[in-house]
Amino acid sequence: MTNWIFIVALALLLTPLYHWSFKSLPRERWQIICTVPTKKTADGSWAGLNLTYYGLFNALALCGGVTLVLILTASAGIDFKVFAATVVAVLVVCLPASRVIARWVEKKQNTFSVGAASFLGIVAGPWLVLLVAAMAREWLGIHVETMAVVAALIIGYTLGEGVGRLACVSFGCCYGRPIEQMPPIVKRYVSWATFTFNGHTKKIAYAHGLDGKKVFAVQAITVVLYTICALIATLLYLYGAYRWAFFLCLLITQGWRFLSEFLRADYRGDRKISAYQIMSLLTIPCGLLMPFCFPAVGHGADVLGGLRALWDPTVILFLQVLGLGMFLRTGRSQVTGAGIRFHVNQDRI
């Protein structure tokens with residue numbers, strides 16, 4: 001019963017966030033949080049650095065995904081030091097490489113790809129877990145059930161990417177095709193799933209001129225699908241079905257990544273099947289083989305023990321540092337600028 005209460009609580013926590021986000025984030029108001037003046041210009045105004053909701057939601061997604069990984073690994077009896085070392089190792093590998101791959105595919109300097117990060121995470125992540133487990137056994141005398149860690153990582157990734165797609169809604173990227181250009185089956189059954197973006201600084205406006213037009217809400221479908229997948233996989237994990245949880249997240253996330261790009265209008269390269277779609281297809285056979293290389297006892301998990309692990313100053317600081325780092329990395333807008341003027345309100349002197 002405790003496991004089900006945890007899943008329902010997560011669903012109840014996320015549902016109002018998603019409802020508000022789908023209504024509000026496509027508006028112009030919800031792209032830029034604030035502007036920080038950086039240097040004075042010749043005309044007496046200030047050039048400004050824009051801090052964005054894109055970065056905020058990416059930070060929330062990272063913290064949410066990592067928090068879920070912590071709860072799951074702690075509930076399975078994994079030591080916090082092993083959890084922290086694994087998360088840091090995966091992020092150190094995936095985040096820099098995601099920019100490099102995105103620049104190679106899209107031929108743009110200031111870009112970032114979750115698809116590239118997920119590809120590297122799924123392919124390299126399990127081997128990083130093995131490395132951390134070997135070090136923990138050799139240096140600390142700690143035994144690590146590797147499949148429990150690998151399954152928790154992909155569940156956290158699934159939830160994190162689901163929440164992270166709200167960043168795309170705010171920035172107006174990863175957008176769907178105009179609804180009139182969608183396949184007949186989509187127009188017939190899900191024509192209600194649309195976004196209308198406003199604001200000339202959103203990517204959908206300056207890249208394709210589709211602001212003010214109804215486009216297929218592919219980001220919203222991704223948010224809901226990945227969240228449901230993560231919740232089901234979490235339940236499987238808590239009952240000890242680590243491999244099934246891994247398989248479910250792998251097939252849903254990578255299968256939908258391949259299919260969803262046919263419904264998108266943003267630039268993903270010059271080929272009919274993009275490099276990101278090829279990566280997603282490659283991860284499926286690689287991922288399906290990996291669990292058989294990792295032992296899995298599957299004894300079940302204590303979700304209350306996992307929740308108690310959160311109530312620790314070290315854990316809280318760890319999550320805060322991760323969130324702040326992600327916000328500073330992805331929230332400083334490189335493609336928008338601002339001009340600021342300051343004045344004195346004479347009537348209030």
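Guide: Here is a close look at one helix pair and its surroundings. The model is predicted; local features need pLDDT of at least 70, side-chain atom pairs count only at pLDDT 80 or more, and totals for chains, interfaces and linings use all residues. Residues are numbered from 1 along each chain as its sequence is written, and side-chain values use heavy atoms, with hydrogens and water left out.

Helix α5 spans residues 146-171, and helix α9 spans residues 242-260. Helices are DSSP runs (H or I, at least four residues), numbered from the N terminus. The two pack at an angle of about 35°, with axes 9 Å apart. Axes are lines fitted to C-alpha atoms over the stretch in contact, and angles run from 0 to 180 degrees between N-to-C directions. On the α5 side, the contact (heavy atoms within 4.5 Å) includes Ala 148, Ala 151, Ile 155 and Arg 165. On the α9 side, it includes Tyr 242, Ala 245, Gln 254 and Arg 257.

Now the core. A nonpolar core is a set of buried Ala, Val, Leu, Ile, Met, Phe, Trp, Tyr and Cys residues joined through side-chain atoms within 4.5 Å. Buried means under 20% relative accessible area, with a 1.4 Å probe and protein chains only. The largest core has 95 residues, and Ile 155 and Tyr 237 touch the most other members. Helix α5 gives the most to this core, with 17 residues. Tyr 237 touches residues including Ala 148, Ile 155, Tyr 242 and Ala 245.

Ser 280 sits in helix α10 (residues 275-289). Ser 280 counts as buried because its relative accessibility is 1%. Ser 280 touches Gln 254, Arg 257 and Phe 258, not counting residues up to four places away in sequence.

How values were computed
Buried < 20%, exposed > 50% of the residue type's maximum accessible area, 1.4 Å probe, protein only.
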